[in-house]
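Trainee: I have a model open and would like to go through it with you. Could we take it residue by residue and then look at the whole chain?

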Amino acid sequence: MSFDKLSDASLLHLYENIRQQVEADINNDRYHFLGEAAKQRAEEIRCEIDRRDLFASPINWPGRSK
């Protein structure tokens, strides 16, 4: 997906939304809603964030070391 038409703020908002969903998912002891599709989407957004030389806190996915 192309993110060229999104503003920097919108791009960061998308990424932050996924990061917050992952945190909520980690804190939920019974259900995990985010999977590979969310990871792939977040990685695409992360690449665009890096390309634009912006900053966003990393996403600490379950099962990955921090």
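Trainee: Which residues does R52 touch, not counting those up to four places away in sequence?
Mentor: R52 touches F3, D4, L6, S7, D8 and L11, where contact means heavy atoms within 4.5 Å. Please note that this is a predicted model, in which local features need pLDDT of at least 70 and side-chain atom pairs count only at pLDDT 80 or more, whereas totals for chains, interfaces and linings use all residues. Residues are numbered from 1 along each chain as its sequence is written, and side-chain values use heavy atoms, with hydrogens and water left out.

Trainee: Where does R52 lie?
Mentor: R52 lies in the segment after α2, the helix covering 36-51. Helices here are DSSP runs of H or I with at least four residues, strands are runs of E with at least two, and both are numbered from the N terminus.

Trainee: Does R52 count as buried or exposed, and why?
Mentor: R52 counts as buried because its relative accessibility is 18%. Buried means under 20% relative accessible area, exposed means over 50%, and partly exposed lies in between, with a 1.4 Å probe and protein chains only.

Trainee: What does the side chain of R52 reach?
Mentor: The side chain of R52 reaches the backbone oxygen of F3 at 2.7 Å.

Trainee: Which residues is D4 in contact with, leaving aside neighbours within four places in sequence?
Mentor: D4 is in contact with E48, R51 and R52. D4 and E48 are 44 residues apart in sequence, and their C-alpha atoms are 8.7 Å apart in space.

Trainee: Changing topic, which residues make up the largest nonpolar core?
Mentor: That core has 12 residues in all: F3, L11, Y15, I18, V22, A38, A42, I45, I49, A56, I59 and W61. The elements giving two or more residues to this core are α1 and α2. A nonpolar core is a set of buried Ala, Val, Leu, Ile, Met, Phe, Trp, Tyr and Cys residues joined through side-chain atoms within 4.5 Å. In soluble globular proteins, nonpolar side chains tend to be buried together.

Trainee: What does A38 touch, not counting residues up to four places away in sequence?
Mentor: A38 touches I18 and W61.

Trainee: And what is the phi of D53?
Mentor: The phi of D53 is near 60°, a positive value in a residue other than glycine. D53 is in the segment after α2, and D53 counts as exposed because its relative accessibility is 70%.

Trainee: Now the whole chain: how many helices and strands are there?
Mentor: The chain has two helices and zero strands. Its C-alpha trace spans about 40 × 20 × 15 Å along the principal axes. Of the 66 residues of the chain, 26% count as buried.

Trainee: What share of the contacts joins residues at least 24 apart?
Mentor: The share is 70%, among contacts in the chain between residues at least 6 apart in sequence.

Methods
Polar contact = N/O pair within 3.5 Å; in protein donor to acceptor, adjacent residues only side chain to side chain.
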